[in-house]
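Please look at the model first.

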Amino acid sequence: MDDIVGDKNAKFKELYNQDGVFLRQAGEMYTPMFGCTGSLYLWEHISDAESKPEVPSRFLEWRPQDFVELKTALDEGSEEWTLIESVKKRCRTSSGNMVKDFLNSIGNLNVCFSNIKSLRCSKHDVLTTFYDGSCELLASFVFPTSESREHFLGTIQAFVRLQPTRRDKSLFIVYDAASPGFKDLEKSFAALDLKTDSSFWSLLKNIKSNPYEKSMEAFAKVTGYVYNSVDDEEHYMAQDDLQRSISEIGDDASAYAVYDIPNCLPMRVDYPRCNPLTREQWRAQLNGEGQLEDVESIKTLIFRGGISPDIRRVVWKFLLGYYPWDSTEKERHALDISKMESYYKIKMQWTTFSKEQEDNFSDFSQRKSLIEKDVNRTDRVLDFYAGENNYNIFSLNNILLTYLLYNFDLGYVQGMSYLLSPIYMLLRCEVEAFWCFVGFMKQVMSNFDYDQNAMKEQLKSMYLLVNFIDPQLSKYFEDHECANMYFCFRWLLVWYKRELQQDEVARLWEVLWTGYPCKNFHLLIGVAILEHERDALMGDNNGFTEILKFINELTGKLDINLMINHAEGIYHQIKDADHLTDAVRNILGIPVAEASGLQSKPEDDRSPRKGVSEPDEIEFEKSIYSNFLSSSTGRLVFLFRP
Amino acid sequence: MANRSGTAQRPNGQSQGKICQFKLVLLGESAVGKSSLVLRFVKGQFHEYQESTIGAAFLTQTICLDDTTVKFEIWDTAGQERYHSLAPMYYRGAQAAIVVYDITNQDTFGRAKTWVKELQRQASPNIVIALAGNKQDLANKRMVEYEEAQTYAEENGLLFMETSAKTAMNVNDIFLAIAKKLPKNEQNTGQGGSVQGRRLTEGNTEPKTGANCCK
């Protein structure tokens with residue numbers, strides 16, 4: 001349908017039309033019409049050669065039908081909206097005077113669509129509010145039904161993208177899909193690069209000792225920072241967040257719906273696996289002194305394809321810290337000797353215990369007996385460990401007992417024997433296997449802590465990653481009381497050892513030991529498996545028990561190369577996602593400064609990460625958040641998430 | 001122990017009457033044979049070098065008892081003290097528990113008593129607890145006397161049997177004894193009607209225990 005609105009020469013096409021839409025609120029000039037019902041239209045200008053440039057391409061029009069008082073209570077939303085109104089203090093900086101002229105030429109309420117920078121969909125009613133670039137309310141409508149609002153949102157998504165804000169999922173930033181700034185839209189608070197203000201971060205040091213004052217001080221700084229910055233999309237967002245945070249004092253955020261507009265992930269790119277690192281490739285990297293020339297490229301090759309079995313013995317010793325990556329052959333010789341000496345020194349500590357001494361040392365004898373029991377049932381199906389009086393079982397026992405003395409605080413915990421078994425099977429030398437095991441344990445030691453917090457944390461991270469990649473699956477877990485992800489416990493504790501064949505374990509572990517392409521890549525392997533099995537997991541209304549059973553029964557059925565391949569694809573999707581959150585960023589150690597498309601740097605060099613100091617930032621967020629929530633004043637809602 | 005009457009058997013594997021479903025959890029020190037008991041009960045198998053349980057395992061087995069089909073949802077847990085903090089998740093809501101110890105190891109009996117105490121204090125109030133003294137096939141290395149355990153069980157109102165997952169001795173019986181003791185009221189009844197009962201043991205490798213299973 002063509003229509004002519006305003007300008008007699010301009011042609012408009014109706015994109016949307018809905019009767020029975022209440023006008024809740026708008027600019028002051030429309031006050032007499034507040035609470036009236038009317039028809040809401042969305043018009044699109046059909047441009048032709050004669051079109052005047054000042055005619056907006058799309059606009060919302062609301063035409064009053066009658067003046068029936070808005071009697072609907074709108075109770076649950078009312079408080080919030082009063083507060084929003086109270087924010088209207090700053091002068092309006094609406095862009096484009098031509099729009100105002102255009103609007104003034106028409107009697108009905110008109111809102112130029114390009115002026116709408118954000119919109120809010122509330123939960124209990126179908127109230128929908130449009131804001132301009134300064135968070136000023138343009139218009140607030142009540143749709144007759146939720147379907148009509150969904151239809152409206154569906155219509156506008158043909159030409160704009162709605163991005164929920166991270167802190168408040170009922171508020172959507174409206175972005176022209178073609179806008180160049182869209183990519184960077186979801187940049188976090190951290191990306192505001194507050195660290196340039198050194199005094200700001202110096203507050204951190206005092207925040208624990210003097211939480212309330214320091215938090216207030218910090219808050220004031222943030223406020224100042226946000227308001228003093230100009231013309232930047234990120235700052236606009238922060239401004240908007242802050243504005244609302246202040247306005248929503250005492251607000252109940254649960255009054256808002258999470259209107260389900262899926263965040264789009266970038267397309268999954270296939271990263272094909274390559275051939276394993278060969279002896280030739282390895283040798284080519286060694287200089288005259290036997291030193292590796294280019295460690296990064298070696299690690300990349302290992303990550304891409306693993307290691308050829310014939311040089312695994314050597315390379316694993318580098319991966320597990322037995323040899324430093326930059327060592328010369330001569331240094332490695334010396335290390336072999338010193339490591340042998342120290343191993344036997346530690347070993348001698350327990351081999352020389354007398355029976356009586358052992359009886360008086362129950363902490364040791366209990367652990368010793370547990371090691372014996374576990375070793376006796378570790379990988380006995382493999383020929384290497386099969387049969388009675390197998391010498392290799394005896395060696396596993398020796399190594400674990402020596403480790404027990406080496407790290408008595410940790411002790412022996414079930415699962416460790418499974419981490420040692422593949423290492424010993426490859427190296428076939430107690431000394432080397434011991435020190436390589438020590439290297440591996442350094443990476444995963446916290447998994448075996450008494451409080452199990454590290455495991456719980458990983459399971460939580462796993463959930464967050466699944467939620468990011470496959471919200472439908474995470475929702476399923478949530479709805480079926482398995483959001484704790486305990487069914488992944490075994491995967492994470494022994495790095496999929498129990499699900500895979502020995503050669504597959506070796507392949508996976510060497511890939512993971514490179515530390516590429518990001519921190520906690522082993523979690524993404526799990527995400528890849530869950531995603532791969534999603535249909536089976538969600539079928540038959542499975543609950544926790546069925547899922548646990550299903551996961552446990554995946555043993556021997558996984559294609560690990562495919563899962564590594566998927567996990568890498570997932571990693572790149574996450575890294576390049578427009579809506580990447582800090583929580584996910586932190587799990588994978590993706591630096592804030594790393595813009596999409598850049599090659600990531602691995603985490604494992606133990607060097608402090610360049611760029612924004614994330615740990616500080618996390619600490620800061622945590623302390624601020626907890627201090628604000630716990631302070632009795634509680635008058636401010638801070639813009640950070642927990 | 002087992003009901004030998006055979007009245008529950010129906011032609012074509014159809015068992016009539018009600019269906020009850022129970023959550024059962026196995027607890028006990030590591031390497032006492034929890035997983036082996038379950039494997040024997042559910043699959044009729046025994047592995048000399050049964051791998052340690054990491055996290056937890058879940059299995060089901062259905063048995064028939066007179067006119068009732070009892071479906072056990074069995075949670076097999078990791079035994080080591082270190083993983084104790086995960087245990088409540090598994091025994092929460094359980095109607096039955098088998099606390100297992102190794103008759104050749106006195107410490108495991110002590111640990112079993114601790115589990116019993118914890119269950120009595122923290123699990124469902126009406127939980128049926130059975131005490132299993134496993135590895136009865138190693139009776140020549142016995143460190144826990146039968147009478148000692150029996151007295152303890154009586155004092156605490158526990159079912160008690162010495163079992164051997166290796167020889168299958170008393171394995172089905174202890175599950176049957178639990179099934180008998182569990183209240184088969186409406187609460188535990190499934191959708192009703194008849195359900196195809198599974199064979200009690202699939203492997204057929206064990207001696208007949210007289211368990212009353214569906215055919």
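A salt bridge is a side-chain nitrogen of Lys or Arg within 4 Å of a carboxyl oxygen of Asp or Glu. By that rule, one salt bridge crosses the interface of chain A and chain B. Its partners are A:Arg498 and B:Glu51, at 3.2 Å from N to O.

This is a predicted model, in which local features need pLDDT of at least 70, side-chain atom pairs count only at pLDDT 80 or more, and totals for chains, interfaces and linings use all residues. Residues are numbered from 1 along each chain as its sequence is written, chains are lettered from A in the order in which they are written, and side-chain values use heavy atoms, without hydrogens and water.

At the interface, 33 residues of chain A are in contact (heavy atoms within 4.5 Å) with 23 residues of chain B. The side of chain A that touches chain B divides into 13 nonpolar, eight polar and 12 charged residues.

Over all chains, the structure holds 27 salt bridges.

| Salt bridge | N to O distance |
|---|---|
| A:Arg377 and A:Asp374 | 3.1 Å |
| A:Glu553 and A:Lys549 | 3.5 Å |
| B:Lys135 and B:Asp102 | 3.4 Å |

Buried means under 20% relative accessible area, exposed over 50%, and partly exposed in between (1.4 Å probe, protein chains only). A:Arg377 is buried at 13%, and A:Asp374 is buried at 1%. A:Glu553 is partly exposed at 41%, and A:Lys549 is partly exposed at 26%. B:Lys135 is partly exposed at 22%, whereas B:Asp102 is buried at 3%.

Notes. Nonpolar A, V, L, I, M, F, W, Y, C, P; charged D, E, K, R; others polar.
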